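Work through these exercises with the structure open. Try each task before reading its solution.

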Amino acid sequence: MTDTIHFPVTKTSHSRISEVDFSNLKFGASFSDHMFVVDYADGRWGQGKIVPYGPWSFDPSMAALHYGQAIFEGQKAYRSPKGEILVFRPHANFERFNLSAIRMSMPEVSEELFIGGMMQLIQLDRDWVPSSEGSSLYLRPFMVSTDEFLGVRTSENYRFAIICSPVGQYYSEPIRVKVEKEFSRVADGGIGNAKAAGNYGASLYPTKLAQQAGFHQLLWTDAATHTYFEESGTMNVMFLVGNTLITPSIGSTILKGVTRDSVLTLARERGVTVEERRVSVEEIVQALKEGRLKEAFGVGTAATIAPIAMIQNDGIDYHLPPLDQRPFAPSILKELTDIRTGAVEDRHHWMMKVQ
Ligand SMILES: *Cc1c(COP(=O)(O)O)cnc(C)c1O
């Protein structure tokens, strides 16, 4: 279905690709030549189009800026050794985007606009998909409310757009994390399971304090009791205790990560016991003390799999085993990378090929 859609294209007169150093890509710092844009008005989406990447102008009263109706997705396109371009699980992001839209009282987007717009955009900017190991084209679909109105209400006008950024590795070293027990990112019944801009707004100050103290990220705990793990920054979190892979179960405070689901799927296929449930800080600290915590890592599109080197809880640093004694996460990462780059058979039908 999406193969047949063609959105009108206005091509840039001057490609900026030669200005980008592909051997030293900083996450989210450079953008491909084009973007996909469509506006919503009078109760429906208008004509989607592909135009040169560039600034927008908006009225200072634009609703998204004041009341935060803003959601996004993050996904990636990879280049195979044969030169094919493959997008990882685009329908999973599409479905999650619409769940975020519903929660934020925003209009849903059709598959034609989300997937069709994305595939045509990547096709046009295909030279921007990097080929070096660990690199990819990061895709950022997002939606903001555009009413020019200061009354607090669900907006009537929106813009959906997709921009693309060539990226390399997110974290270059195993991360140090602090168990956060004072601040909360989200609470039960809130918007933690929507990929909403405001969730990040709430996380920045506590994260800044942690980074000033030498950590890379926080390990968030539940807002009510600060005794159960939730997530870490832009990642879901997993613990390998003995031979069991344990991760917090999805609820209203935890984002349903596509990477999380993919890693759990690959782990189950290997016969690893997977437990999705509440994971207490106490349980993990106990496992650390007794040497039963073999690995801990964050999983997310931007960072892929980020091994955790150290966890600080109540002012005490707990160091995890050295990386060379932790085969599980790298082995899952290799399998995931091989699937994404087309090096092994895509038996789950996760990859969508750009024509
Ligand atoms: C995007 C995101 C993740 C990771 O989800 P993926 O689909 O794997 O990229 C995890 N936690 C939060 C809060 C996120 O916004």
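A residue counts as buried when its relative accessible area is under 20%, and as exposed when that value is over 50%. Keep in mind that this model is predicted.

**Exercise 1.** Decide whether I308 is buried or exposed, and find the strand that holds I308.

*Solution.* 
Step 1. Locate the residue: I308 sits in strand β16, which covers residues 304-313.
Step 2. Take its relative accessibility, which is 1%. The cut-off for buried is under 20%. I308 is therefore buried.
Step 3. Look at its surroundings, skipping neighbours within four places in sequence. I308 then touches I175, V177, V237, A296, F297, G298, L320 and R326.

**Exercise 2.** State how far apart I308 and T337 are, in sequence and in space.

*Solution.* 
Step 1. Along the chain, 29 residues separate I308 and T337.
Step 2. In space, their C-alpha atoms are 19 Å apart.

**Exercise 3.** Describe the residues around the ligand.

*Solution.* 
Step 1. Sort the shell by type: 4 nonpolar, 7 polar and 4 charged.
Step 2. Find the elements involved. β12 (235-241) and α5 (258-269) each give the shell at least two residues.

**Exercise 4.** Which distances separate polar side-chain atoms of R96, K195 and T259 from ligand oxygen atoms?

*Solution.* 
Step 1. For R96, the distance is 2.8 Å.
Step 2. For K195, an N or O atom of the side chain lies 2.7 Å away.
Step 3. For T259, the distance is 2.6 Å.

Terms used. Residues numbered from 1 in each chain as written. Predicted model: local features only at pLDDT ≥ 70, side-chain atom pairs only at ≥ 80, totals over all residues. Heavy atoms only, no water. Helix = DSSP H or I, 4+ residues; strand = E, 2+ residues; numbered from the N terminus. Buried < 20%, exposed > 50% of the residue type's maximum accessible area, 1.4 Å probe, protein only. Contact = heavy atoms within 4.5 Å. Near = heavy atom within 4 Å. Polar contact = N/O pair within 3.5 Å; in protein donor to acceptor, adjacent residues only side chain to side chain. Nonpolar A, V, L, I, M, F, W, Y, C, P; charged D, E, K, R; others polar.
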